[in-house]
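Morning, everyone. I have one structure to show today. Let me put it on the screen.

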Amino acid sequence: MSGVWDRDEAAIFVESVFGKHQGEIYAYLLRMMRDPEVAADMTQDTFIKAYKNYATLERPENARAWLYQIAHRVALDEIRRRKIIRFLPWSGEARGSAPSAEHLVMETRLSGDLQRALERIPERQRAALLLAELHDLTGLELAAALGVSHVAARALLTRARESLRQALAAEREADAIADGAPDAGRDPGRTAEVDQ
């Protein structure tokens with residue numbers, strides 16, 4: 001009888017956290033995977049795993065960090081799986097459908113340079129930055145979501161910010177070079193002579 005009660009309790013609890021956190025879990029997974037359909041499937045997987053692993057939640061007040069931890073593991077599993085079978089990179093377009101409103105909002109929150117810089121940094125650092133900066137997880141929530149100590153989470157976030165700073169500087173430098181490319185190596189005086 002207690003097994004039935006636990007399943008019922010788990011279902012009620014997961015349904016309530018789904019209502020509160022589904023949007024932010026989806027947004028995190030979308031940012032990690034860059035594919036709305038995959039992120040939607042993974043969001044569903046996250047909440048199914050939350051239901052199945054309800055017994056691992058030690059304190060209900062930590063549910064948000066617990067969900068991010070599950071979502072983070074689901075994302076890493078998918079990234080590893082994709083590396084093994086070597087999918088083609090996402091082109092930025094979902095086949096046969098327009099981007100969702102949430103996708104458009106997430107895309108406009110980060111500039112092109114920042115998005116490309118985020119893609120350059122290691123996955124674990126990217127996850128830490130997204131969780132801390134875009135999803136406002138506290139230090140303790142971040143540590144729980146990543147499955148590390150609070151000190152390790154802070155160190156990872158510090159490294160991630162430095163990596164992002166360097167990657168962003170490289171992106172901006174590449175943009176500056178690309179903007180100056182048509183005139184690169186040309187002598188303005190010589191151009192005037194040739195044109196006359």
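Read along the sequence, you get α-α-α-α-α-α-α-α-α. That is 9 helices and 0 strands. Keep in mind that this is a predicted model.

Overall numbers next. The chain has 196 residues, and 37% of them are buried. Take the contacts between residues at least 6 apart in sequence: 72% of these join residues at least 24 apart. Accessible surface comes to about 12200 Å². Carbon and sulfur atoms account for 54% of that surface.

Now zoom in on the loop between α1, residues 2-33, and α2, residues 36-52. Arg-34 sits in that loop. What is phi of Arg-34? The value is near 60°, so positive, in a residue other than glycine. Most residues other than glycine have a negative phi.

A side-chain oxygen of Asp-35 reaches to within 3.0 Å of the backbone nitrogen of Glu-37, at the start of α2.

On to α2 itself. This helix has 17 residues. From first C-alpha to last, α2 reaches 24 Å, close to the 24 Å expected at 1.5 Å a residue. Which residues of α2 are buried? Pro-36, Val-38, Ala-39, Met-42, Thr-43, Thr-46, Phe-47 and Ala-50.

Note on methods
Residues numbered from 1 in each chain as written. Predicted model: local features only at pLDDT ≥ 70, side-chain atom pairs only at ≥ 80, totals over all residues. Heavy atoms only, no water. Helix = DSSP H or I, 4+ residues; strand = E, 2+ residues; numbered from the N terminus. Buried < 20%, exposed > 50% of the residue type's maximum accessible area, 1.4 Å probe, protein only. Contact = heavy atoms within 4.5 Å. Areas by Shrake-Rupley, 256 points an atom, 1.4 Å probe, with all protein chains shown as cover. Expected span 1.5 Å × (residues − 1). Polar contact = N/O pair within 3.5 Å; in protein donor to acceptor, adjacent residues only side chain to side chain.
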